[in-house]
Amino acid sequence: MSIHTDGNAIAGVLEEIFGVEVTATMRVCQSCGQEHAIGAHRLYRGAGLVLRCPNCGDIAAAVATKQDEYRVKLFGTWSEELV
Amino acid sequence: MRVETPQAKTLVLDVPDWPGHLPGQHVDVRLTAEDGYQSERSYSIASAPGTADLELTVERIDDGEVSPWLTEEAQPGDQFELRGPVGGYFVWDATLEGPVLLVAGGSGLVPLMAILRHHENTGSSADLRLLLSARALEDVLYRSELERFRDVVHLTLTREQPPPEWNGWSRRIDADMLRDVGPGADQHPHVYVCGPTPFVEEAARLLVELGHLPAAVHTERFGPSGG
């Protein structure tokens, strides 16, 4: 079994990147079309952080740290409610 | 600092300008070594919102980078860096209507304890139930406090028989157990499942099979990459 936790574990990093809390943000997967909260996505830690769809496993986000900056790649549709 | 189990301690923190938190949220703890090496891990907040101190219950991971220091070396008066509170998905708000089902595996109880305590502190009338799975009674966090909540707490132990007063089970969680604990899917409870990854995935799968909406089942996984 592969080792993973979930999007909740990087709530702090994501908030640093986006400036808002995004674990409750819903994301529609570009691959299977299912909608899940970012907190429910699987998290894989390696050289960087990779979030994957909890249904099909396709990539949702990749975050790498390069010196003092984050390099972020996002996939699918992220819906942030305006408050 | 309080000893909870042979592996876990609760750290009571005095955080200047703490903005307050919601039950279920966590903080990131960052430790910096003398050579500048930094290590960061997230820990769930155990205390209910509105209480004077911030409490984190930390389970020692033997080859971890942060938990051995927090549980074995940190002394009262020590300072370290915190980021938070963070998280907005795995939280329960006392103003939410509807019943609540909490499902905890081992130290996954920590954020759910914040929910249970908040439920009590706010005098919420929401029907709340907790199913806790642990290996053995000595691994159960907050044991004496949980005894107060015995009418809503259901205990299953995977490696021994629970004491008779708990009227619990001695097996891994399964569909029958979740059905016995309730509330059923027809009552649309807000469900929070927290524990090790395999536990959470199995519990979430069973809950969806029992008819709970996937969106109503909030999950938080603890992994072996933690510590």
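Predicted model: local features only at pLDDT ≥ 70, side-chain atom pairs only at ≥ 80, totals over all residues.
I started with the area buried between domain 1 and domain 2 of chain B: about 1,300 Å², with 58% of that from carbon and sulfur atoms. (Buried area here is the accessible area, 1.4 Å probe, that two parts lose on being put together, summed over both.) In domain 1 of chain B, B:Pro23, B:Ser44 and B:Ala46 lose the most area to domain 2, together 30% of what that side buries.

Residues are numbered from 1 along each chain as its sequence is written, chains are lettered from A and ligands numbered from 1 in the order written, and side-chain values use heavy atoms, leaving out hydrogens and water.

Next I checked the bounds. Chain B splits into domain 1 (2–86) and domain 2 (100–222), as set by an automatic or database domain assignment. Their C-alpha centres lie 23 Å apart. The contact (heavy atoms within 4.5 Å) takes 18 residues from domain 1 of chain B and 16 from domain 2.

Last, I sorted the side of domain 1 of chain B that touches domain 2 by class: seven nonpolar, eight polar and three charged residues. I counted Ala, Val, Leu, Ile, Met, Phe, Trp, Tyr, Cys and Pro as nonpolar, Asp, Glu, Lys and Arg as charged, and the others, Gly among them, as polar.
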